[in-house]
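Here is a two-chain model to work through.

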Amino acid sequence: MSGSGLSRRRAITLAGAGAAGVAGVATGAGVLLRGAPDQAAASDHAAGAVPFHGEHQAGIVTPAQDRLHFVAFDVITKDRARLVDLLQEWTAAAARMTAGQDAGVLGAVGGMPEAPPDDTGEALGLPPSQLTLTIGFGPTLFRDAEGRDRFGIADRRPAALADLPRFPGDALQPQISGGDLCVQACANDPQVAVHAIRNLARLGMGVVSVRWSQLGFGRTSSTSRDQATPRNLFGFKDGTANLKAEDADLLRDQLWVQPGDGPDWMTGGSYVVTRKIRMLVETWDRTSLAEQEEIVGRAKGSGAPLGQRDEFDEPDFAATGDDGQPRIPAHAHVTLAHPTRNGGARLLRRGYNFVDGSDGLGRLDAGLFFIAYQRDPRRQFVPIQTQLARHDVMNEYLRHVSSALFACPPGVRDGGDHWGRALFA
Amino acid sequence: MRTTRYLMLAAAGLLATAGVTACSGQKDDPATAGGPIVVKANDTACEVGDTDLAAGTATFKVTNSGSKVTEFYVYASGDRVMGEVENIAPGLSRELHVELPAGTYETACKPGMSGKGIRGALKVSGSAAPLTEDAALAGATDSYQRYVKSQTAALLEKTEEFVTAVKAGDVAKAKALYPVARTYWECIEPVAEIFGDLDPKIDGREEVIEEGMEFTGFHRIEKDLWTTGDISKDGPIADRLLTDVKEIVAKANAEKLSPLQLANGAKELLDEVASGKITGEEDRYSHTDLWDFSANLEGSKAAIAALRPALEQRSPDLVKQLDTEFANVEGLLGEHRDGDGWKLHTALSKAELKELSDGINALAEPISKVAAVVAR
């Protein structure tokens with residue numbers, strides 16, 4: 001990372017004195033970090049900072065970064081005020097960390113020697129790395145499994161945040177599913193993403209408890225036309241037909257919650273579904289190339305729909321081959337997931353490949369951590385997944401082992417705003 | 001057992017919570033002062049002859065006319081033990097001498113030696129000025145030393161009983177005494193760790209014993225008791241345990257811990273819980289980890305109680321937070337009581353262990369801030 005600009009430590013020293021107002025510091029230091037003496041920093045895009053404040057949360061249409069650390073929390077306090085305090089503390093820490101600063105104002109090495117540092121330190125010297133932190137609120141925050149309205153917000157639960165149905169074939173493990181809150185950390189440096197989640201979890205001790213977390217080592221989707229389409233662990237390009245940042249009209253129709261959709265606190269937000277999908281890569285790898293391509297409905301090399309030449313060509317479901325059969329099988333993944341088969345429903349996917357070691361049977365514990373943002377899961381993810389769960393031939397190679405749904409509120413507007421402010425107003 | 005780091009500890013007040021399995025201790029204060037205040041204790045009452053005292057040394061003469069063994073305590077706020085006398089058998093009287101600055105206190109008799117006890121108010125007035133901050137800190141050291149002495153006395157006594165049972169080949173009795181004797185050890189373990197070699201000899205787990213060193217101490221006997229049940233060859237091991245415990249008791253009683261050591265010790269005891277007890281690693285054969293958990297928690301609370309006067313002056317919000325979180329963990333742990341003792345670690349579900357783990361984390365974060373408050 002040489003030539004990538006100021007170290008966290010230096011940035012903090014520079015920002016240090018004028019530290020009135022946490023958010024103020026974050027903004028100020030971010031400018032220093034990115035703008036200042038070393039212009040190389042500004043030109044190194046992957047190392048730069050993504051603005052934390054804005055109309056929408058960062059980390060959704062932000063060009064997908066390479067690394068993920070996703071965490072779901074259970075809220076363990078019954079005290080609404082403590083939860084709201086934590087959301088404020090988290091917001092301040094998130095603003096700082098996304099700007100490349102330490103989690104706390106004293107920093108990893110700036111406090112008293114007798115005190116534990118207010119930042120854990122493993123990101124010292126690392127640039128912001130396009131870190132984004134995106135928060136979501138799960139159904140159980142509004143009403144828990146016992147039906148209790150712990151925080152007096154049950155009447156603010158959006159109808160779109162309806163529990164997902166059970167899909168055929170689901171092999172969900174409750175201990176790695178669901179959650180009251182989630183934070184998605186994406187960055188181009190895995191150490192930066194893990195640092196962010198670790199520090200948020202630490203701030204939350206006594207208020208929240210980590211329920212599960214997931215590392216992802218490589219993006220499987222593009223959320224911008226500037227990005228090449230990456231491949232998943234089946235070796236296929238994934239996310240070719242994804243919603244992209246440039247599709248303003250589609251984003252309005254398919255991604256962002258619009259005024260009147262539901263409670264006002266969600267306007268400008270989006271709903272995220274996560275699915276941990278184990279891929280049985282060993283059996284997949286023994287499948288012939290032709291069969292793999294028929295299962296997916298695309299050519300493995302180019303990513304083009306079968307019968308087409310270019311990755312971005314539209315699939316032609318009417319085309320038939322020499323045998324008179326459809327060129328793209330009716331139960332191919334691309335057919336079943338296509339908007340034309342799902343009432344026009346689209347998703348903004350930004351999933352990640354994972355390998356969680358091995359499973360003790362000589363197989364990689366590998367797969368796709370699927371993440372999809374949308375305006376209303378009832379009209380988007382649920383019908384699409386219902387189709388796939390019933391008919392997708394690919395299911396032979398897949399196991400859905402975790403599932404979660406969260407309402408991600410709109411962006412934090414400025415230093416006076418914080419995560420959950422409108423929800424808990 | 002764990003690696004040696006800062007040491008810790010100290011002080012004074014114990015705040016014993018629950019009787020038999022609590023860390024508490026015995027102590028025979030030397031003393032003096034005016035005519036004794038008569039305390040009439042039985043199984044249902046605790047009559048204190050005078051509850052409006054002048055500042056200075058007070059002497060209580062506690063007579064037990066009940067049918068249960070009782071204890072008598074004087075508590076300052078936060079259940080900081082100012083003085084206590086234990087093991088008052090039916091029909092006996094014992095005296096407690098305690099130095100009481102002006103303030104409000106509570107007295108408590110504990111028939112059956114458990115629970116919160118029968119409480120009463122005690123007012124002490126006089127010229128004694130509130131402690132200066134420095135005096136409050138200096139007092140912490142003395143206070144904690146009193147605590148250590150009370151624990152070491154009980155440690156010695158219970159270890160002797162345990163060793164006797166082992167040498168007599170009484171497996172059932174030895175098993176029953178094992179977690180009890182360890183309770184007093186676990187209350188003050190960070191002090192013990194100051195003394196290098198002794199800690200592994202007394203409390204070393206099999207995997208941490210270095211090559212060339214024999215596996216001895218509590219866990220060696222635990223293994224024999226719970227795996228083969230054959231302790232016929234453990235006589236020499238038991239004798240060595242007692243010798244080592246005697247040595248460490250003598251050393252610990254002479255040790256004065258600084259306020260900073262106390263603060264770090266309070267945190268380390270919770271680290272012990274988080275890393276060894278929650279996981280069931282400490283007592284892997286007997287599964288009596290919750291006894292150790294409770295003792296570590298009490299030891300941590302005792303160290304904080306010793307620092308309390310200083311903390312209340314410097315960071316009252318932190319004290320409030322610690323009180324809340326201590327109460328939370330005690331409540332969570334309390335659900336796993338089993339008679340006078342604790343359920344086995346193996347009887348708890350993963351969800352119950354996670355709940356305890358969350359509680360310890362919630363307490364340990366604010367406790368980790370105490371050292372800086374003490375140091376500033």
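This is a predicted model: local features need pLDDT of at least 70, side-chain atom pairs count only at pLDDT 80 or more, and totals for chains, interfaces and linings use all residues. Residues are numbered from 1 along each chain as its sequence is written, while chains are lettered from A and ligands numbered from 1 in the order in which they are written.

Q: How does helix 4 of chain A run against helix 6 of chain A, roughly parallel or roughly antiparallel?
A: Helices here are DSSP runs of H or I, at least four residues, and strands are runs of E, at least two, numbered from the N terminus. Helix 4 (residues 80–98) and helix 6 (residues 190–203) of chain A pack at about 155°, with axes 10 Å apart; axes are lines fitted to C-alpha atoms over the stretch in contact, and angles run from 0 to 180 degrees between N-to-C directions. Angles under 35 degrees count as roughly parallel, over 145 as roughly antiparallel, 65 to 115 as roughly perpendicular and the rest as oblique. So helix 4 of chain A is, relative to helix 6 of chain A, roughly antiparallel.

Q: Which residues of helix 6 of chain A meet helix 4 of chain A?
A: Contact means C-beta atoms, placed from the backbone, within 7 Å. Helix 4 of chain A brings A:Leu86, A:Glu89, A:Trp90, A:Ala93 and A:Met97. Their partners in helix 6 of chain A are A:Ala196, A:Asn199, A:Leu200 and A:Leu203.

Q: What end-to-end distance does helix 4 of chain A have between its end C-alpha atoms?
A: The expected span is 1.5 Å times one less than the number of residues. Helix 4 of chain A has 19 residues, so it should span 27 Å. The value in the model agrees: 27 Å.

Q: Is A:Gln130 buried or exposed?
A: A:Gln130 lies in the loop between helix 4 and strand 2 (132–137) of chain A. Its phi is near 55°, a positive value in a residue other than glycine. A residue is buried if 20 or more other C-beta atoms lie within 10 Å of its own, exposed if 12 or fewer, and partly exposed in between, with C-beta atoms placed from the backbone. A:Gln130 has 25 other C-beta atoms within 10 Å, so it is buried.

Q: Which residues of chain B does A:Gly206 touch?
A: A:Gly206 sits in the loop between helix 6 and strand 4 (208–216) of chain A. It counts as buried because it has 24 C-beta neighbours inside 10 Å. Leaving out residues up to four places away in sequence, A:Gly206 touches A:Thr77 and, in chain B, B:Glu325, B:Asn361, B:Ala362 and B:Glu365.

Q: Which helix of chain B gives the most to the side that touches chain A?
A: Eleven residues of chain B are in contact with eight residues of chain A. Helix 10 (350–367) and helix 11 (370–375) of chain B each supply at least two residues of that side of chain B. The most, four residues, come from helix 10 of chain B.

Q: How do helix 2 and helix 8 of chain B run, roughly parallel or roughly antiparallel?
A: The axes of helix 2 (residues 171–187) and helix 8 (residues 289–314) of chain B come within 8 Å. They cross at roughly 30°. So helix 2 of chain B is, relative to helix 8 of chain B, roughly parallel.

Note on methods
Two residues are in contact if their C-beta atoms, placed from the backbone, lie within 7 Å.
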